[in-house]
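Please look over the sequence and the structure shown here before reading on. The notes that follow are grouped by topic.

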Number of protein chains: 2
Amino acid sequence: MIRQLTIIGVGLIGGSLARALKQVGHVGEVVGCSRNQAHLQDAQKLGVIDRFTTDIGAAVQGADVVLLAVPLGAMEDCFRAMVGHLGPDTVVTDAGSAKASVVAAAQTAFGTLPAGFVPGHPIAGTEQSGVQASFAELYRNRRVILTPLASSSPAALEAVRNMWQATGAFVDEMGVEHHDEVLAATSHLPHLLAYGLVDTLVSMDESEEIFRFAAGGFRDFTRIAASDAVVWRDICLANQTALLAVLERYRADLEKLTELVRRGDGEALAALFTRAKAARGRFVDQLEK
Amino acid sequence: MIRQLTIIGVGLIGGSLARALKQVGHVGEVVGCSRNQAHLQDAQKLGVIDRFTTDIGAAVQGADVVLLAVPLGAMEDCFRAMVGHLGPDTVVTDAGSAKASVVAAAQTAFGTLPAGFVPGHPIAGTEQSGVQASFAELYRNRRVILTPLASSSPAALEAVRNMWQATGAFVDEMGVEHHDEVLAATSHLPHLLAYGLVDTLVSMDESEEIFRFAAGGFRDFTRIAASDAVVWRDICLANQTALLAVLERYRADLEKLTELVRRGDGEALAALFTRAKAARGRFVDQLEK
């Protein structure tokens, strides 16, 4: 049970956490904080937060747990604004899609990593953003990855773990660097490819017709290209190293695949498609377990 | 109204057409034909077809309309097996995802293009295949592209148009080559990218974890990689020229995008993501009209 939860950045991610915890009674008061007062008023009207302030120092005052759910590029400034305002036992966690950059931001802002700091990443979301899109079930049966640091206290880790479990999520732990490599492959690369595909098609002479005759598969394929541009800009910058590595790998594979099409090597194409279809099938089976 | 419709290849596409036409009373008898007797028995049990034969010559006997819904690589053999068995007014159409190769196959098999032949392509489908996955609503509010030839008779074109309209689809017409270029961009390229992505991830050391932590966006993104491997092998071979052109273009754009990530050019990345998100938004709005 969290007496006071402070959420910095009350959008889809922060808002859904607040709703989920309120639904199961795992939180007393939810304090919202953001640069945009109108968004905070919306969040309060929706019952997602109980009160709000645009001042981070005031928002974290008295909090048991603070969640940062802002774009990665905004993390350092947010940490800096907390300095001197956190209680001795305040737990601080975040929902950033890359973890090394958040740890570096905390290190820079605080000078040393606080014992209460436990980086986290809920693997959930939709292409929607904003508190209006938030809902209590977002995390149910989804995975949340925590990347506790050598500096993280066991009590802080337990509090963050309990919080996410209360939303119905499964909580895993892994190292910061490993997290960033896995997410580069499974999330950051696909987003980049989808944005790139839409952009390529838009620039073509027949773009209007291309979009008119696009089928359902295309709509699914490009859904992630409707995600928030600033969030994804920040992810590309924050997870640059791991993203570049997997991007180079994909491009090399795509070159080989292009060569198969060029050679008209039906046998190799069918083998690749069969292998990919089978792998995806196994993955979907796993997801549905 | 079609008295006898013969469907060669009774799977998702052919089966859904039969169901839709039966539902609105636009067809009398549906004759199924395929190499696989067990599939035909299933189709008959499901009420999708009224009778069947594995012999194409016998199947097209007495047909008003013949639909070929087989992989592109099987078209020529199917056309060849019809020679001498079509009535003078029999209309022949197909559901192939590329059109130039089907026209070439008909030309080769028949020696000359029959007046009753009108190539077509319903822009609908799911990643499922087989008659069990077929349903009457598959074509409702979807687009069907017809690519009538100089040799196609107006009566044949009208019959094919009426048939698809009876399923609730919108029917458009365009030239064969133009169809193949548009579809290469909007359908064939995304499929290739999705298959390629899954294959890249499978080959990575962390592949098991990658799939375990994949989020919903990844599932949507790779849905089309669960499509039938033989169908997609044939599409790559049949639409090689147009597919290579758009693939080269995408690869060049992806190289530029990689360079933006490498340089850490946040402004250019945000601009690209914003542009792509807006374009996709316009497209989805269009689809929902």
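**Briefing on a predicted model**

E248(A) and R251(A) are joined side chain to side chain by a salt bridge, with 3.4 Å from N to O. The coordinates come from a predicted model.

**Salt bridges**

- E248(A) and R251(A) both belong to helix α11 of chain A, which covers residues 240–263.
- They are 3 residues apart, about one turn of the helix.
- Side chains of opposite charge can pair when their charged atoms come close.
- R251(A) also forms a salt bridge with E255(B), and the closest N and O atoms of that pair are 4.0 Å apart.
- Over all chains, a search of the whole structure gives 32 salt bridges.

**The interface of chain B and chain A**

- Across this interface the rule finds 6 salt bridges.
- Several elements of chain B each supply at least two residues to the side that touches chain A; among them are β8 (143–146), α7 (176–202), α11 (240–263) and α12 (266–288).
- The element that gives the most to this side of chain B is α7(B), with 18 residues.
- Sorted by class, the side of chain B that touches chain A has 47 nonpolar, 15 polar and 24 charged residues.
- In terms of contact, 86 residues of chain B meet 86 residues of chain A.
- About 8,300 Å² of area is buried between the two chains, and carbon and sulfur atoms give 68% of that area.

**The sheet in chain B**

- An open sheet of 6 strands in chain B has the order β3-β2-β1-β4-β5-β6, with parallel pairing.
- Its edge strands are β3 (51–53) and β6 (117–118) of chain B, each of which pairs on one side only.
- Strand β5 of chain B (residues 91–94) runs parallel to β6(B) and is joined to that strand by 2 bridges.
- T93(B) has V118(B) in β6(B) as its bridge partner.
- Helix α1 of chain B (residues 12–23) packs on the sheet and touches β1 (2–8), β2 (27–33) and β4 (65–68) of chain B. The direction of α1 makes about 165 degrees with that of β1(B).
- Helix α4 of chain B (residues 75–82) packs on the sheet too, touching β1, β4, β5 and β6 of chain B. The direction of α4 makes about 155 degrees with that of β4(B).

Methods:
Residues are numbered from 1 along each chain as its sequence is written. Chains are lettered from A and ligands numbered from 1 in the order in which they are written. This is a predicted model: local features need pLDDT of at least 70, side-chain atom pairs count only at pLDDT 80 or more; totals for chains, interfaces and linings use all residues. Side-chain values use heavy atoms; hydrogens and water are left out. Contact means heavy atoms within 4.5 Å. Buried area is the accessible area (1.4 Å probe) that two parts lose on being put together, summed over both. Helices (H or I, at least four residues) and strands (E, at least two) are DSSP runs, numbered from the N terminus. Ala, Val, Leu, Ile, Met, Phe, Trp, Tyr, Cys and Pro count as nonpolar, Asp, Glu, Lys and Arg as charged, and the others, Gly among them, as polar. Two strands pair if DSSP finds at least two bridges between them. Axes are lines fitted to C-alpha atoms, for helices over the stretch in contact, and angles run from 0 to 180 degrees between N-to-C directions.
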